[in-house]
Amino acid sequence: QVQLVESGGGLVQAGGSLRLSCEASGSLSRITAMNWYRQAPGKQRELVAGITSGGSTNYADSVLGRFTISRDNVKSTVYLQMNTLKPEDTAVYYCKFRRSAWNGEFDYWGQGTQVTVSS
């Protein structure tokens with residue numbers, strides 16, 4: 001099992017910055033990918049950014065150049081630095097870890113943290 005706790009959300013004005021953290025605990029061996037998703041009211045959950053165990057990153061087009069995903073292996077924490085925030089970035093942000101096991105791959109989700117960007 002993997003437990004994830006997000007933090008760092010809040011209310012910020014457009015153009016501002018926030019840094020989200022996702023601290024992991026539990027069985028952290030064989031983690032293959034760490035991702036940030038978001039879900040706005042009335043919309044589907046969408047992938048925002050991801051980082052693999054090898055360090056490769058990917059981003060949604062809507063956040064490319066504004067958001068940066070990174071990780072601290074010592075602290076077992078993944079970060080999402082969000083700059084130049086826009087009102088449309090308002091959503092609940094979730095982290096997800098994917099773990100590989102002998103019987104398949106399993107996804108673990110955090111509880112989410114609210115980000116609200118005012119215009």
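Gly-110 touches Leu-4, Glu-6, Tyr-94 and Cys-95, leaving out residues up to four places away in sequence; contact here means heavy atoms within 4.5 Å. The model is predicted, with local features needing pLDDT of at least 70 and side-chain atom pairs counted only at pLDDT 80 or more, while totals for chains, interfaces and linings use all residues. Residues are numbered from 1 along each chain as its sequence is written, and side-chain values use heavy atoms, with hydrogens and water left out.

- Gly-110 is found in the loop between β10 and β11 (113–118); strands (E, at least two residues) and helices (H or I, at least four) are DSSP runs, numbered from the N terminus.
- Gly-110 has a relative accessible area of 10% and is therefore buried, a class defined as under 20% relative accessible area, with exposed meaning over 50% and partly exposed in between (1.4 Å probe, protein chains only).
- Between Gly-110 and Ser-17 there are 93 residues in sequence and 21 Å in space, taken from C-alpha to C-alpha.

**Overall fold**

- The protein chain contains eleven strands and zero helices, and its pattern along the sequence is β-β-β-β-β-β-β-β-β-β-β.
- A compact globule of 119 residues would have a radius of gyration near 14 Å, and the protein chain agrees with this at 14 Å; the radius is taken over C-alpha atoms, and the globule rule is 2.2 Å times the number of residues to the power 0.38.
- Along the principal axes, the C-alpha atoms of the protein chain fill a box of roughly 50 × 25 × 25 Å.
- Of the contacts in the protein chain between residues at least 6 apart in sequence, 54% join residues at least 24 apart.

**Burial and surface**

- Of the 119 residues in the protein chain, 39% are buried.
- The protein chain exposes about 6,400 Å², and carbon and sulfur atoms supply 47% of that area; accessible areas come from the Shrake-Rupley method with a 1.4 Å probe, and for residues only the protein chains shown count as cover.

**Charges and salt bridges**

- The protein chain has 12 positive and 9 negative charges, whose mean positions are 2 Å apart. Lys and Arg count as positive and Asp and Glu as negative, without His and the chain ends; each charge is placed at NZ of Lys, CZ of Arg, CG of Asp or CD of Glu.
- Side chains of opposite charge can pair when their charged atoms come close.
- The count of salt bridges comes to six, each being a side-chain nitrogen of Lys or Arg within 4 Å of a carboxyl oxygen of Asp or Glu.
- One of these pairs Asp-107 with Lys-96, the closest N and O atoms being 3.6 Å apart. Asp-107 lies in strand β10 (residues 104–109) and Lys-96 in strand β9, so this pair ties together parts that are eleven residues apart in sequence.
- In this pair, Asp-107 is partly exposed at 32% relative accessibility, whereas Lys-96 is buried at 5%.
- Arg-98 meets Glu-105 in a salt bridge with an N to O distance of 3.8 Å. Arg-98 is partly exposed at 29% relative accessibility, and Glu-105 is partly exposed at 49%.
- Arg-98 also forms a salt bridge with Asp-107, at 2.7 Å from N to O.

**Loop residues and backbone angles**

- Most residues other than glycine have a negative phi.
- Arg-30, a residue other than glycine, has a positive phi near 65°. Arg-30 sits in the loop between β3 (18–26) and β4 (31–39) and is exposed, with a relative accessible area of 56%.
- Thr-84 is likewise not a glycine, and its phi is positive at about 50°. The loop between β8 (77–82) and β9 (91–101) holds Thr-84, which counts as partly exposed at 45% relative accessibility.
- Gln-44 occupies the loop between β4 and β5 (46–52) and is exposed, at 70% relative accessibility.
- Leaving aside neighbours within four places in sequence, Gln-44 is in contact with Arg-38 and Gln-39.
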